[in-house]
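Trainee: I'd like to go through this one term by term. Can we set each label against its cut-off as we go?

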Amino acid sequence: MDTADRPGDEAARAADSPLVHDFGLLIKTATRLEQRIDSALRRECGISHTMFEVLIRLSRRPGEEVTQRVLADDLTLTSSGVTRLIDRMEEAAVARRVPSPEDRRSVLVEVTDHGRSVFLRAAEVHAQVVERYFVTPVPPGDYPRMTGSLSRIHQALRDD
């Protein structure tokens with residue numbers, strides 16, 4: 001029997017294709033990096049990586065009114081997922097819900113003073129992990145090309 005005719009050979013070739021391999025490498029790398037960041041933030045700051053992402057969003061423009069819906073869209077979470085996340089953040093005293101002054105049906109989310117302190121420490125921890133595992137392994141000349149390529153991929157996905 002010719003090897004091209006053996007059952008599973010075509011599937012094996014597809015599974016070993018460079019595109020499958022390269023994309024799998026991207027996903028594994030991103031997942032492991034996120035796990036490292038999450039572990040470091042939990043250990044050193046008492047918050048998850050997702051909470052850190054919320055604190056980034058809430059700290060980026062002080063005074064900006066941010067609803068749970070906006071957070072859900074920004075973080076690609078469901079409305080119930082963001083509700084549970086903000087519940088945990090309120091329990092940790094890093095964020096709080098406040099009524100919207102313009103729309104009594106809306107609830108805004110804001111960072112607390114404690115949350116700002118936690119965020120500043122978490123930003124340091126995050127930077128250390130990213131530097132060690134995302135920046136340092138890449139030759140300096142390749143880093144701008146890599147981030148530029150990631151930006152173009154991100155834009156293509158947003159535009160489509």
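This is a predicted model: local features need pLDDT of at least 70, side-chain atom pairs count only at pLDDT 80 or more; totals for chains, interfaces and linings use all residues.

Trainee: Why does Thr76 count as exposed?

Mentor: Its relative accessibility is 73%, and the cut-off for exposed is over 50%, so Thr76 counts as exposed. Thr76 is found in the loop between H4 and H5. Helices here are DSSP runs of H or I with at least four residues, strands are runs of E with at least two, and both are numbered from the N terminus.

Trainee: What is the phi of Thr76?

Mentor: Near 50°, which is a positive value in a residue other than glycine. Most residues other than glycine have a negative phi. Ala93, in the loop between H5 and E2, also has a positive phi, near 60°.

Trainee: What makes Ala93 partly exposed?

Mentor: Ala93 sits at 35% relative accessibility, so it counts as partly exposed.

Trainee: How do you know whether Ala72 and Ala122 are buried or exposed?

Mentor: Ala72 has 7% relative accessibility, so it counts as buried. Ala122, at 0%, counts as buried too.

Trainee: What is Ala122 in contact with?

Mentor: Contact means heavy atoms within 4.5 Å. Leaving aside neighbours within four places in sequence, Ala122 is in contact with Leu41, Cys45, Ile47 and Phe52. With that same exclusion, Ala72 is in contact with Leu77, Thr78 and Val82.

Trainee: What makes a set of residues a nonpolar core?

Mentor: The members are buried Ala, Val, Leu, Ile, Met, Phe, Trp, Tyr and Cys residues joined through side-chain atoms within 4.5 Å. The largest one here has 30 residues, and Leu41, Ile47, Val54, Leu58, Leu71 and Met89 touch the most other members. Two or more residues each come from H2, H3, helix H4 (68–75), helix H5 (79–91), E3 and H6. Not counting residues up to four places away in sequence, Met89 touches Met51, Val54, Leu55, Val94 and Ala95.

Trainee: Why is H3 called roughly perpendicular to H5?

Mentor: Axes are lines fitted to C-alpha atoms, for helices over the stretch in contact, and angles run from 0 to 180 degrees between N-to-C directions. Under 35 degrees counts as roughly parallel, over 145 as roughly antiparallel, 65 to 115 as roughly perpendicular, and the rest as oblique. The axes of H3 and H5 come within 11 Å and cross at roughly 85°, which makes H3 roughly perpendicular to H5. Thr50, Met51, Val54 and Leu55 of H3 make the contact with Leu85, Ile86, Arg88 and Met89 of H5.

Trainee: And how do you know which strands pair?

Mentor: Two strands pair if DSSP finds at least two bridges between them. E1 (residues 66–67) and E3 (residues 107–111) run antiparallel and have 2 bridges, so they meet the cut-off. E2 (residues 95–99) runs antiparallel to E3 with 5 bridges; in one of those pairings, Arg97 has Val109 as its bridge partner.

Trainee: Why are E1 and E2 at the edges?

Mentor: The 3 strands form an open sheet in the order E1-E3-E2. E1 and E2 each have a single partner strand, so one side of each is left without a neighbour in the sheet. H5 packs on the sheet, touching E2 and E3, and its direction makes about 115° with that of E2.

Technical notes
Residues are numbered from 1 along each chain as its sequence is written. Side-chain values use heavy atoms; hydrogens and water are left out. Buried means under 20% relative accessible area, exposed over 50%, partly exposed in between (1.4 Å probe, protein chains only).
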